[in-house]
Amino acid sequence: MDDHLVGVLSNIGMISFIALSAYLLLIVGEISFGQQAFFAISAYASGIATAMWGWDFWPGLAWGAAVAAAAAVLVGIPTLRIRGLYFSIATLAFAEMVRLVFEVFKYQVEIDGEMVGPDGSDGFRDIRYIFENDITAVEYMLMIYGLLAAVLCAFFLLERSRLGSIFRMIGQDPVLAQMQGIDVTAYKILALGMAGLVAGIGGGLYAHLTTFVEPKIFNVMLGVHSLAYGLIGGLGTAFGPLIGVAIDIGFLESIRAISGYRMIAFGGLVAVLLIFRPRGLLDEAAVNWIRLRLRRRHA
Amino acid sequence: MIDFVQNCFDGVMLGSSYALLAIGFTLIFGVMRRLNLSYGPSIMLGAFVGTLVFLEFRAGGLAVAAATVVGAVLVGIYVERLCFWAIRQGAAVASMVSSFAIWMQLEEVVTIAFPDRTYPFPPLTRTEPMDFGPFFFKVENLIMFACAVALTLGLHLLLYRTRFGLRIRAVAENPDAARYMGINIAAVTFLAFACASAIGGIAGYLIVAQDGQITPLFGLWATFKGLIAMMLGGMGSIPGAILGGLLLGVVEAQNIWYLGTEYRDLCAYALLFVFLVFRPGGMFGHTLAERERLALRRV
């Protein structure tokens with residue numbers, strides 16, 4: 001496979017994690033502009049673990065994702081009491097705070113005569129684990145997709161479980177859910193923690209692929225994109241956000257002729273879809289229709 | 001002590017630009033109960049129209065100001081039609097996301113049309129700073145402060161002394177009741193949106209003229225500063241927007257003096273976050289979130 005294609009596919013895979021994490025919150029009816037914060041936290045945490053503490057890749061990735069999930073729960077406790085617009089703005093404020101903290105965050109150690117570690121706005125260089133251990137780009141891409149498949153399986157199990165129904169119910173009508181004896185705030189915090197974990201897996205993978213992270217990558221635009229993927233692709237199934245990512249990165253960014261106008265096309269697409277299909281291309285009705293068709297064919 | 005007082009004066013001057021931005025923001029929110037995140041970028045596009053007039057025709061300050069306001073209003077109308085008018089009633093969050101998507105679009109339009117990124121803008125005045133005893137003031141700042149006061153008074157007269165203002169207040173209070181009284185809600189919100197864009201255009205002209213240059217980053221800056229100032233004061237409240245702007249200005253000025261510029265934005269976001277968590281209604285706003293929480297607790 002040629003390098004460009006591997007690069008594009010790896011990017012699609014990694015961005016899918018953050019899109020799925022924003023999607024999970026959309027399911028419980030909250031809009032977060034701040035999922036890039038958890039992506040960033042894990043990118044730094046897992047990078048520090050492998051490049052500075054000498055950990056292996058998998059423990060480092062798990063550590064990064066766990067830190068991101070913990071951060072999400074800690075943010076969720078104060079912010080999920082406030083709803084709607086206020087929650088969205090609070091996540092936006094939090095994400096910008098995280099980015100600005102990384103702009104001044106310095107923590108370096110000397111390894112083999114070189115200073116390694118986050119250096120404020122100059123970013124965090126030399127997260128070289130996959131090069132030092134001779135993992136090729138194709139192998140790494142397969143690792144990304146393996147993890148993505150595992151996360152997708154977890155999402156499908158979730159949709160079939162009681163927890164999934166509770167999430168959807170809260171998203172449909174929080175007051176009704178409360179009347180059924182469901183602790184809405186606690187479940188929303190759980191959803192935010194799970195979303196933080198998923199974004200964290202993506203962030204750790206990202207740091208090791210690019211070997212270099214800097215705070216300004218994790219700006220608001222990343223957050224808006226990840227949110228928009230779910231809204232374009234649809235909120236009926238976990239395939240929705242993946243379709244959104246494929247449209248944006250696979251189509252708009254990768255084809256040279258249109259990549260210059262990517263934001264114009266993408267922004268317009270989101271705005272138009274919000275008017276005509278407020279729950280995305282694959283919304284609940286479309287998913288049910290497809291399921292019905294499939295069942296009939298088998299019967 | 002003199003430093004502290006001088007910082008407070010500087011803060012009030014800085015804050016008057018934030019207050020100007022917040023007034024337009026809060027007018028839109030007050031009438032529609034929706035948040036227009038494209039507000040800053042539409043002002044930015046207006047300011048680029050002003051720059052174009054300045055560079056092409058060597059126009060004077062007044063013509064540039066007029067071009068900026070007209071540009072901001074035209075872009076504002078585009079945003080209103082696409083993100084607010086076309087999206088069904090009651091979908092406040094969809095409008096917010098849609099305006100965020102259009103923000104990306106507007107920013108891309110500017111970077112394609114103006115590839116050099118930084119463009120000159122005619123300065124407001126070239127007078128030297130004035131001093132009063134141990135304190136000194138920049139003349140541009142005094143002009144901005146005077147404009148903020150004048151615009152607030154003008155808006156107050158418009159809202160409380162004209163029939164159009166009465167209609168705006170009726171729609172803000174209760175859209176259904178306003179409709180039964182024969183008020184054309186779509187027309188009123190459209191005009192209020194255009195008014196807010198014009199105020200934004202004036203604010204944008206003053207701020208950009210003070211800087212003497214414009215970059216595409218101005219949109220992000222204007223949206224965030226206006227949003228934070230509005231949130232601190234309370235969404236939908238005009239006195240709140242002014243006090244919020246001044247508070248933000250004073251906090252930032254003290255911060256720059258005592259902590260350094262790296263912490264300026266970090267502190268502004270932290271202030272916003274704390275306000276959202278502990279007092280989502282802001283200093284002056286209605287306590288919508290609190291009322292909702294009470295309703296949920298009762299069931």
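Select helices α1 and α9 of chain A to begin: α1(A) passes α9(A) in a left-handed crossing, a crossing being left-handed if the near helix is turned anticlockwise from the far one by less than a right angle, and right-handed if clockwise. This is a predicted model, in which local features need pLDDT of at least 70, side-chain atom pairs count only at pLDDT 80 or more, and totals for chains, interfaces and linings use all residues. Residues are numbered from 1 along each chain as its sequence is written, while chains are lettered from A and ligands numbered from 1 in the order in which they are written. Helices (H or I, at least four residues) and strands (E, at least two) are DSSP runs, numbered from the N terminus.

**Stop 1: α1 and α9 of chain A**

Display residues 3-27 of chain A for α1(A); its axis and that of α9(A) come within 8 Å and cross at roughly 165°. Axes here are lines fitted to C-alpha atoms, for helices over the stretch in contact, and angles run from 0 to 180 degrees between N-to-C directions. The two helices are therefore roughly antiparallel to each other; angles under 35 degrees count as roughly parallel, over 145 as roughly antiparallel, 65 to 115 as roughly perpendicular and the rest as oblique.

Next, show the side chains of the contact, where two residues are in contact if their C-beta atoms, placed from the backbone, lie within 7 Å. From α1(A) come residues including M14(A), F17(A), I18(A) and L24(A), and they meet a set in α9(A) that includes L192(A), V198(A), I201(A) and L205(A). By class, this contact of α1(A) with α9(A) has 16 nonpolar, 3 polar and no charged residues. Ala, Val, Leu, Ile, Met, Phe, Trp, Tyr, Cys and Pro count as nonpolar, Asp, Glu, Lys and Arg as charged, and the others, Gly among them, as polar.

**Stop 2: α2 and α9 of chain A**

On the α2(A) side, the contact includes F38(A), F39(A), I41(A) and G47(A); on the α9(A) side, it includes G196(A), G200(A), G203(A) and Y206(A). The contact of α2(A) with α9(A) comprises 9 nonpolar, 9 polar and no charged residues.

**Stop 3: where chain B touches chain A**

Now colour the two chains separately: 38 residues of chain B are in contact with 39 residues of chain A. On the chain B side, the elements giving two or more residues are α3 (61-85), α4 (92-113), α9, α11 and α12 (288-298). Of these, α4(B) gives the most, with 15 residues. The side of chain B that touches chain A divides into 30 nonpolar, 2 polar and 6 charged residues.

Within helix α4 of chain B, select E107(B). Is this residue buried or exposed? With 24 C-beta neighbours inside 10 Å, E107(B) counts as buried; a residue is buried if 20 or more other C-beta atoms lie within 10 Å of its own, exposed if 12 or fewer, and partly exposed in between, with C-beta atoms placed from the backbone. Leaving aside neighbours within four places in sequence, E107(B) is in contact with M263(A), P41(B), P216(B) and G219(B).

**Stop 4: α10 and α11 of chain B**

Proceed to α11 (residues 264-278) of chain B, whose buried residues include Y269(B), L272(B), F273(B) and F275(B). The buried residues of α11(B) pack against α4 (84-104) of chain A, together with α9 (218-233) and α10 (238-258) of chain B. At 1.5 Å a residue, the 15 residues of α11(B) should span 21 Å, and the end C-alpha atoms are 21 Å apart, which agrees. The expected span is 1.5 Å times one less than the number of residues.

In α10(B), 15 of the 21 residues are buried, so the helix is largely enclosed by the rest of the structure. G260(B) follows α10(B) and has a positive phi, near 105°.

**Stop 5: loop residues of chain B**

- R33(B) lies in the loop between α1 (2-32) and α2 (39-57) of chain B; its phi is near 60°, a positive value in a residue other than glycine.
- R117(B), in the loop between α4 and β1 of chain B, has a positive phi of about 70° although it is not a glycine.
- R126(B) lies in the loop between β1 (119-120) and β2 (130-132) of chain B and is exposed, with 7 other C-beta atoms within 10 Å.
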